[in-house]
Amino acid sequence: QVQLVESGGGLVQPGGSLRLSCAASGSISSMYRMAWYRQAPGKQRELVAAMTSAGTTTHADSVKGRFAISRDNAKNTVYLQMNSLEPEDTAVYFCNSRSAGIKYIEYWGQGTQVTVSS
């Protein structure tokens with residue numbers, strides 16, 4: 001079983017930056033995909049960014065050019081660099097890992113709150 005612990009959330013003004021970290025208890029290099037999701041109040045959880053073990057990245061249209069996902073396999077940590085933050089980015093951000101295969105196994109972190117407000 002993999003435990004994921006997010007950190008780095010907080011309150012930031014519009015236009016500011018934050019970097020979220022997701023520390024995994026196991027090797028993330030063995031995971032097919034690592035991802036960040038977010039869930040705003042009253043809304044469904046949505047995919048923000050993902051990175052496969054091959055290094056392929058995907059970013060939601062709403063964050064392209066502002067957010068970037070990266071990983072450090074040696075530290076078993078995934079990051080989400082968030083720049084030019086907007087009030088609409090306010091949400092709880094969750095780290096997610098997914099194994100390979102049709103019957104993949106997923107793990108979730110507990111989430112970290114990001115609030116963008118002046």
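Tutor: We begin with Met 82. Apart from neighbours within four places in sequence, Met 82 is in contact (heavy atoms within 4.5 Å) with Gly 16, Ser 17, Leu 18, Leu 20, Arg 66, Phe 67, Tyr 93 and Val 114. This is a predicted model, in which local features need pLDDT of at least 70 and side-chain atom pairs count only at pLDDT 80 or more, while totals for chains, interfaces and linings use all residues. Residues are numbered from 1 along each chain as its sequence is written, and side-chain values use heavy atoms, with hydrogens and water left out.

Student: Which residues have the most contacts inside the largest nonpolar core?

Tutor: In soluble globular proteins, nonpolar side chains tend to be buried together. A nonpolar core is a set of buried Ala, Val, Leu, Ile, Met, Phe, Trp, Tyr and Cys residues joined through side-chain atoms within 4.5 Å. Buried means under 20% relative accessible area, exposed over 50%, and partly exposed in between, with a 1.4 Å probe and protein chains only. Here the largest core has 28 residues, and those with the most contacts inside it are Leu 4, Trp 36, Val 48, Phe 67, Leu 80, Met 82 and Tyr 93. The largest share of this core, four residues, comes from strand S3.

Student: How are strands labelled, and what is the order of strands in the open sheet of four?

Tutor: Strands (E, at least two residues) are DSSP runs, numbered from the N terminus. Strands of a sheet pair through backbone hydrogen bonds, either parallel or antiparallel. Two strands count as paired if DSSP finds at least two bridges between them. In this open sheet the order is S1-S3-S8-S7, and the pairing is antiparallel. S1 (4-7) and S7 each have a single partner strand, so one side of each is left without a neighbour in the sheet. S7 and S8 pair over six bridges, and Met 82 in S8 is the bridge partner of Phe 67.

Student: Which cysteines form a disulfide?

Tutor: A disulfide is a pair of cysteine sulfur atoms within 2.5 Å. The structure holds one: the sulfur atoms of Cys 22 and Cys 95 are 2.0 Å apart. Cys 22 lies in strand S3 and Cys 95 in strand S9, 73 residues apart, so distant parts of the chain are linked. Both cysteines are buried.

Student: Is Gly 111 buried or exposed?

Tutor: Gly 111 is buried, at 15% relative accessible area. Gly 111 sits in the loop between strands S10 and S11 and touches Glu 6, Val 92, Tyr 93 and Phe 94, leaving out residues up to four places away in sequence.
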